Amino acid sequence: MDAIKKAGPTVIVIFGGSGDLSWRKLVPALYNLYLDKWLPENFAVLGLGRKDLNDTDFRAHLHEGIDKFSRRGKANQDDWDRFAKCITYFKCDLSEDTTYTNVGNQIKQLEKDWKGDVNHVFYLAVAPEFIEEISEKIGNAGLTTDKKHHRIVIEKPFGRDLESARALDESLSKIFDEGQIFRIDHFLGKETVQNILAFRFANALFEPIWNRNYIDHVQITVSEQLGVEKRGGYYETAGALRDMIQNHLLQLLCLIAMEPPVTFDGDEVRNRKVDVLHALRRIKIDDVSRYAVRGQYDEGWIEGQKVPGYREEQDVAKDSNTETFAAVKFFIDNWRWQDVPFYLRTGKRMKDSSSLIAVQFKPVPHQSFQNETISNLQPNRLIMNIQPTMGIRLQFQAKRPGLKMVLNPVEMQFDYKETYTTGTPEAYEILLLDVMLGDTSLFMRADQLEAAWSMLDPIIKVWEENPSISFPNYASGTQGPEEAEALIAKYGHTWLNLPPVKNDNKPQK
Ligand code: BG6
């Protein structure tokens with residue numbers, strides 16, 4: 001989050017360097033940081049992997065990834081050649097101690113050449129079962145002794161329930177201080193997500209009404225048209241609750257519901273967010289079916305294409321009980337939010353790819369307009385579009401031009417693309433830079449994770465112990481299972497299904 005400091009000399013060691021994350025996200029992000037001159041002069045990437053590659057093959061593979069996935073499109077050859085010099089590959093077995101001795105020797109050589117304090121960033125882009133072993137070996141090799149400059153980055157899933165997350169934390173804490181551990185939730189690096197803090201705490205306008213007196217309910221939706229693609233193996237062990245709600249959606253909820261921080265220091269923001277998680281009303285085992293709904297996609301049609309059902313996907317069991325859709329109703333038991341429902345919903349193979357937060361305000365206390373005037377009335381809503389459309393919309397009523405008094409819902413809009421011409425950095429650019437700077441504010445702290453897992457544990461337990469008899473229960477290309485409508489209809493609410501906005505400022509009918 002620090003826009004002024006520049007990182008000191010840094011070596012990034014990527015475990016799983018020849019894997020997909022590195023190819024699609026990490027190296028394109030580093031390359032863009034390089035183009036924007038955010039990387040330190042002394043900088044190196046060491047990719048570790050099992051594939052039999054030399055430096056030239058490895059660099060060619062990464063070049064291809066940049067051409068495909070970088071937000072700037074194809075790399076300019078001269079820029080790439082200069083950047084590629086920082087990258088080396090090391091074919092190795094991650095279970096062998098010699099791997100870590102060799103990595104240590106390479107780092108020592110760089111330290112000699114560069115002088116001064118060098119940041120060691122160990123990025124674990126590997127399957128979760130390897131985290132403990134690798135981190136232990138990094139520690140045993142003496143590569144993490146400088147608590148200020150040696151860091152480890154861990155991708156989700158961080159545990160699969162409260163117990164396993166605690167066990168993982170305990171084992172990491174034997175090697176690293178909390179300030180050295182960077183647990184990634186890439187949603188927190190998204191521009192639109194960071195803008196929630198700016199919107200709430202740099203403007204006096206909304207804060208006075210940001211509470212139970214004026215807000216009727218909040219909806220957080222992350223819907224994706226994509227299915228599980230080639231990630232069936234992982235997804236079978238996760239499901240929508242663990243994959244999305246436990247981390248991304250609960251973090252969005254925290255940003256909407258948190259109290260104003262005194263500063264934007266790493267721990268202050270995280271303290272305010274964890275306060276929200278601690279105030280979430282615990283869902284009792286017997287109440288799970290009243291608070292949470294699950295779904296699994298069947299075959300269907302998305303944008304004219306026939307797509308298979310989840311159980312037909314690669315590496316997925318034919319009788320899988322894994323949910324690809326989850327919706328949960330939360331309450332926050334504190335003064336600001338008592339009795340205001342927060343509805344969270346996410347699903348794969350949905351009708352639209354659209355992530356948004358809708359804050360719906362209460363109706364006026366007395367309606368002076370006649371029924372025919374307000375037949376088209378819609379509640380006031382503030383909608384934060386996270387992606388793919390990025391912006392904020394405020395929906396309110398206005399008089400339709402004409403001799404009669406007829407009210408019509410209209411919108412005020414802030415649209416990133418219209419307002420800013422500069423490119424928007426990808427989440428991984430922001431997060432990787434923060435890792436190099438040692439700024440933990442956008443990363444998950446152990447207590448946040450535990451609080452999030454403890455909220456979801458009852459749902460996980462009930463869903464695992466009672467396989468769904470109705471799966472698959474929604475067709476691909478729809479808004480998810482009908483039970484999700486019922487979940488919120490009980491309170492007189494309906495899900496807001498907004499397709500990505502076209503810039504025509506037309507009211508939603
Ligand atoms: C990941 C999940 O964390 O987030 C994926 O594992 C999901 O299942 C992805 O598709 C969504 O992220 P984004 O940035 O593509 O919206």
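**Cavities, backbone geometry and cysteines in a predicted model**

The structure holds 5 cavities of 30 Å³ or more. This is a predicted model, in which local features need pLDDT of at least 70 and side-chain atom pairs count only at pLDDT 80 or more, while totals for chains, interfaces and linings use all residues. Residues are numbered from 1 along each chain as its sequence is written, and side-chain values use heavy atoms, with hydrogens and water left out.

A cavity here is a set of points, on a 1 Å grid over the protein atoms alone, where a 1.4 Å probe fits but cannot get out; lining residues have an atom within 4 Å of a point. Grid points are joined across faces, edges and corners, and the volume is the space filled by probe spheres set on the points. For the largest cavity, the volume is about 100 Å³. Its lining consists of 15 residues, and those nearest the centre are Lys156, Phe158, Ile184, Asn247 and Leu449. The largest share, 3 residues, comes from α9. Helices (H or I, at least four residues) and strands (E, at least two) are DSSP runs, numbered from the N terminus. Sorted by class, the lining has 7 nonpolar, 3 polar and 5 charged residues. In this scheme Ala, Val, Leu, Ile, Met, Phe, Trp, Tyr, Cys and Pro are nonpolar, Asp, Glu, Lys and Arg are charged, and the others, Gly among them, are polar.

Lys156, one of the residues nearest the cavity centre, is joined to Pro157 by a cis peptide bond with omega of about 5°. Pro157 is found in the loop between β5 (150-154) and α6 (162-173). A cis bond also leads from Gln387 to Pro388, where omega is near -5°. Pro388 lies in the loop between β14 (381-387) and β15 (391-399). Most residues other than glycine have a negative phi, and most peptide bonds are trans. Lys37 has a positive phi, near 65°, and lies in the loop between α1 (20-35) and β2 (43-49). Lys37 counts as exposed because its relative accessibility is 63%. Asp315 likewise has a positive phi, near 65°, and is found in the loop between β10 (305-307) and β11 (325-330).

Buried means under 20% relative accessible area, exposed over 50%, and partly exposed in between (1.4 Å probe, protein chains only). Lys348, in the loop between β12 (342-347) and β13 (354-361), counts as buried because its relative accessibility is 6%. Beyond four places in sequence, Lys348 touches several residues, including Glu224, Arg231, Asp243 and Tyr474; contact means heavy atoms within 4.5 Å. Lys348 and Glu323 are 25 residues apart in sequence, and their C-alpha atoms are 9.5 Å apart.

A disulfide is taken as a pair of cysteine sulfur atoms within 2.5 Å, and by this rule the count is 0. The sulfur of Cys86 is too far from its closest cysteine sulfur, in Cys92, for a bond, because the two are 20 Å apart. Cys92 is therefore buried, at 9% relative accessibility.

The predictor's confidence in each residue is given by pLDDT, from 0 to 100. The mean pLDDT is 93, and 97% of residues reach 70 or more. Over residues 503-509, pLDDT stays under 50, and the model has 19 contacts beyond four places in sequence for this stretch. Where pLDDT is low, the predicted coordinates should not be read in detail.

Note on methods
1 Å grid on protein atoms, 1.4 Å probe; cavity = no way out; pocket = protein on both sides within 12 Å on 5 of 7 lines; lining within 4 Å.
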